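Colleague: I would like to learn how to read a model like this one. Could you take me through it feature by feature?

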Amino acid sequence: MRVPDPVVPDDVTFSLLDRDVRGRLRTLSKDNADRVGRHLVMVGRLLDDDAEAAYEHAQAAVRRAGRVDVVREAAGLAAYRTGRYAEALRELRTVRRLNGSSEHLAIMADAERGLGRPERAIALAQEPEASTLDADTQIELAIVVSGARLDLGQAEAAVAALSGPSVRAARGLVAARVAQARAAALDAAGRADEAATELAAYSQETLDESAGTTFGYDEVVVYDLAEETDGEPVDGEPADSEPADSEPVDVEPVDSESADVEPADGEADVDGTTGDGDAR
């Protein structure tokens, strides 16, 4: 069954993508890279306001470029944002196998919580790679661990998860997120006065803003407006035009548990050919 791709507005151009993301798409044929890149731009545009639509664009990109790590990353983050936690885990595990990065451990751990598996969330946080994460991501992981401890009825352990010096050194909205998580843990531990003290340092506006923030989504697509050239190709990248006779690709659903994904239409295989049989 052919799955139609969601419509991409004409003003969405391949050149909006960050140079590094464009580089990751060079394994694709020129026309396919353009289509995939434009869908990735739409994922970034829509994820905050219409996560379901962002998910559809991510799926369109996966159908055409299932072996590209940034494409699977977009699919995983969109799945997570729409509450498809099992799918998010599969996709982000695939990303980890494709590029060796553990940057999404916090999101993976939170997806485990979403699936009702707090023990697995804690286990992910204890992996050696967790210590290699940047400071803010380590803090987000600590927040997830605190929530997992609460899921297990371990209120004091939940407080302890957010008591380390690196967590307490958080600033800005991240600090407000820590305060809210600590307040929830303290309240569960019967320490209501301390919980109130945690929140007292922040205005309600700041707390509302921090409660509405999410983490990990800025990696989906990075706009590079300084390099946009009014629809012209940048550094030899694909022009932002889609063939008028293009049709959706008829592919089977991707098995995200394995990185050995069959090449999509226009995607280079390991032997130097593309999925549509054209030599690179």
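Modeller: Setting aside neighbours within four places in sequence, valine 95 is in contact with Asp69, Arg72, Glu73 and Gly100, where contact means heavy atoms within 4.5 Å. This is a predicted model, in which local features need pLDDT of at least 70 and side-chain atom pairs count only at pLDDT 80 or more, while totals for chains, interfaces and linings use all residues. Residues are numbered from 1 along each chain as its sequence is written, and side-chain values use heavy atoms, with hydrogens and water left out.

Colleague: Where is valine 95 found, and is valine 95 buried or exposed?

Modeller: Valine 95 is found in helix 5. Helices are DSSP runs of H or I with at least four residues, strands are runs of E with at least two, and both are numbered from the N terminus. Buried means under 20% relative accessible area, exposed over 50%, and partly exposed in between, with a 1.4 Å probe and protein chains only. Valine 95 counts as buried because its relative accessibility is 2%.

Colleague: How do I read a nonpolar core?

Modeller: In soluble globular proteins, nonpolar side chains tend to be buried together. A nonpolar core here is a set of buried Ala, Val, Leu, Ile, Met, Phe, Trp, Tyr and Cys residues joined through side-chain atoms within 4.5 Å. The largest one has 50 residues, of which Leu25, Val36, Leu40 and Val71 touch the most other members. At least two residues of this core come from each of helix 2, helix 3 (51-65), helix 4 (69-81), helix 5, helix 6, helix 7 and helix 8. Helix 4 gives the most to this core, with eight residues. Another core, of 10 residues, lies apart from it and includes Ile139, Ile143, Leu162 and Val167.

Colleague: Which residues is valine 36 in contact with, leaving aside its neighbours within four places in sequence?

Modeller: Those are Leu25, Leu28, Ala61, Arg64, Ala65 and Val71.

Colleague: Which residues of helix 7 are buried, and why are they on the same side of helix 7?

Modeller: In helix 7 (residues 118-125), the buried residues are Pro118, Ala121, Ile122, Leu124 and Ala125. They are on the same side of helix 7 because they cover an arc of only 160 degrees around the axis. The arc is that of the directions from the helix axis to the C-beta atoms. Their cover includes helix 5 (85-99), helix 6 (105-114) and helix 8 (135-151).

Colleague: Let us compare a loop residue with a helix residue. Where is histidine 104 found, and where does glutamate 56 lie?

Modeller: Histidine 104 is found in the loop between helix 5 and helix 6, and counts as buried because its relative accessibility is 6%. C-alpha to C-alpha, histidine 104 is 7.2 Å from leucine 92, 12 residues apart in sequence. Glutamate 56 lies in helix 3 and, at 35% relative accessibility, counts as partly exposed.

Colleague: Which charged residue lies over the face of tyrosine 55?

Modeller: A charge sits over a ring if NZ of Lys or CZ of Arg is within 6 Å of the ring centre and within 35 degrees of the ring normal. Arginine 84 lies over the face of tyrosine 55, at 3.7 Å from the ring centre.
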